[in-house]
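Thanks, everyone. I'll take a few minutes on one model.

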Amino acid sequence: MTFNSVEFVIFVTVTYLLYRVRQSGQNLILLAASYIFYAWWDVRFVFLLVISTVVDFYCGSMIETGRLTRYGRRVAARFLILAAFFCTTVQWNAVKINTETFGLSVQWNQLLPAAISGWLVLIATIALVAIANQLYPKFTALKEKQRRDLFLWISVCTNLGLLGFFKYFNFFIDSAVAGIRSLGIGAELLHLNIVLPVAISFYTFKTISYTVDIYRGKIEAAEKFSEFALFLAYFPSLLAGPIDRASNLLPQLSKPRQLTFEQSAQGVFLILFGLFKKVAISDGVASSVNAIYGTTGAVSWIDVVLATLLYTIQIYGDFSGYTDMARGISKLFGIELMLNFNLPYFSKDPSEFWRRWHISLSTWLRDYLYIPLGGNRQGEVRTYLNLMTTMVLGGLWHGAAWNFVLWGFYQGALLCAYRVFSPKDNKKSSSPNGLENWQGIAATLFFFVLTCYGWLLFRATSLAQIITFTKILFVDIGNFALTMPNPPLPALCGIPILIGYEFLAYKSQSQDFYLRFPTPARAAIYATMLVIVFMGLSNAPVQYIYSQF
């Protein structure tokens, strides 16, 4: 169920109406909706989300106070056991929903499996809950430093363990086997058929930041289990962020929300703008990009240049479009999500780019990886090492493939190179607007070219393709034999409008600049975007790029 699907429109409409009717149960309505939304992809994914929720709710309280109320322990334990039963034991494919007649049929004889795997998961869950309850008095008797360290490690290891197994197990095993075989040594391939849970990278980072911030004394542990569960599962930001911190989201969830017309109007515009980016532009150029990056035949210099440029637009339209819609939907529920993109392609250097692109991830990497590694406090050599380590791991976070590792290495190398050649007393951009003079324009254009090459590394399907396309860029210059198909009309109309919109936003240093326009001008902007979105519905829908991570 994607944001640009009919099912999602129905889902949000029903959720919104219930939310407006039941003011006293806002969080429970959103929590139920969030689990339904996630279960729509695969109900088994919900169990992994619940594991992280229960573990970190428990760990957060133990880190802060060393105590968990009996009621809180019971709620968390029962929630985990019920999740194990309904997510791994019940076979939901035995339940059929007829969307035409709104009918429901259940094959009762197939609802519970004959296979033992689901029952084993349920039994193991019950056993772990029992063991945790038995150990609880021993945990409370630990010295404060021991207890805090222990539960921080339990939280981090549990979440990284789940992430590492489901996302990276096959990658590292396959790479190790390939390395051993390259030495002429026989090795058996241990490849498991592991399904990558959607959004696991995003909610893993959210929950790790929660326990780390409690450990650092920056926030207090959540008192209500339902509020913390909603913080992790909140459906607008679940699939691809923003990776909001508990310090921003939990306070908003702990009190009733009063919906205002202004906030709702802003939300509707963000939804429209996000659909404009995603449906009309990103999905529109996808076929042209795939025609070059998905081919096994010969391509020309102009093919690689234009396909890479279009992918630069595609990934921005896809990801920023998703987060615009996430922020807009959230505004309809009276909840503010953080700004995740701030005109990144106007950056003059990599530091500025990472202050503008995927802000929630870049600040997470800074606060929970780069600074703990030592940041820039231990000399220049260690600073460069920390930058490279952070960006390589950030690249690996995007996916279990060597091109993502290479992309991370490339981003780290850019940060280091710009740091070496930038004036020592001016590590940050001296001007908020890089288009004020020819020097700023040249710096912006040069770095945009470097950014585009980075997206080539990111989009490439193999290391061999990276080598081939890079060679074409340098030795096939001037070959204008274009084989790439043209993007459809909605994308061709939408791209210049998006560029013009962002240029005006950059010059005015405000993404809400359009609010200063007269009403007829604003109405023309909305109508133009709406028409292009309807035109873009003819594009073949493409899965959100970042939902794969």
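Start with the largest nonpolar core, which has 152 residues. By nonpolar core I mean buried Ala, Val, Leu, Ile, Met, Phe, Trp, Tyr and Cys residues joined through side-chain atoms within 4.5 Å. Buried is under 20% relative accessible area, exposed is over 50%, and partly exposed is in between, with a 1.4 Å probe and protein chains only. Y210, F235, W357 and Y546 have the most contacts inside this core. Helix α11, residues 301-332, gives the largest share, 14 residues. Helices here are DSSP runs of H or I, at least four residues, and strands are E runs of at least two, numbered from the N terminus.

A word on the source: this is a predicted model, where local features need pLDDT of at least 70 and side-chain atom pairs count only at pLDDT 80 or more, while totals for chains, interfaces and linings use all residues. Residues are numbered from 1 along each chain as its sequence is written, and side-chain values use heavy atoms, leaving out hydrogens and water.

Now W357. Contact means heavy atoms within 4.5 Å.

Next, helix α4, residues 70-89. Its buried residues include R73, L80 and C87. Seen down the axis of α4, the buried residues fall within an arc of 165 degrees, so they line one face. That arc is taken from the directions from the helix axis to the C-beta atoms. They pack against α3, α5 and α8. R70, Y71 and R78 are exposed on the face turned away.

Finally, the whole protein: 19 helices and two strands. Of its 549 residues, 51% count as buried.
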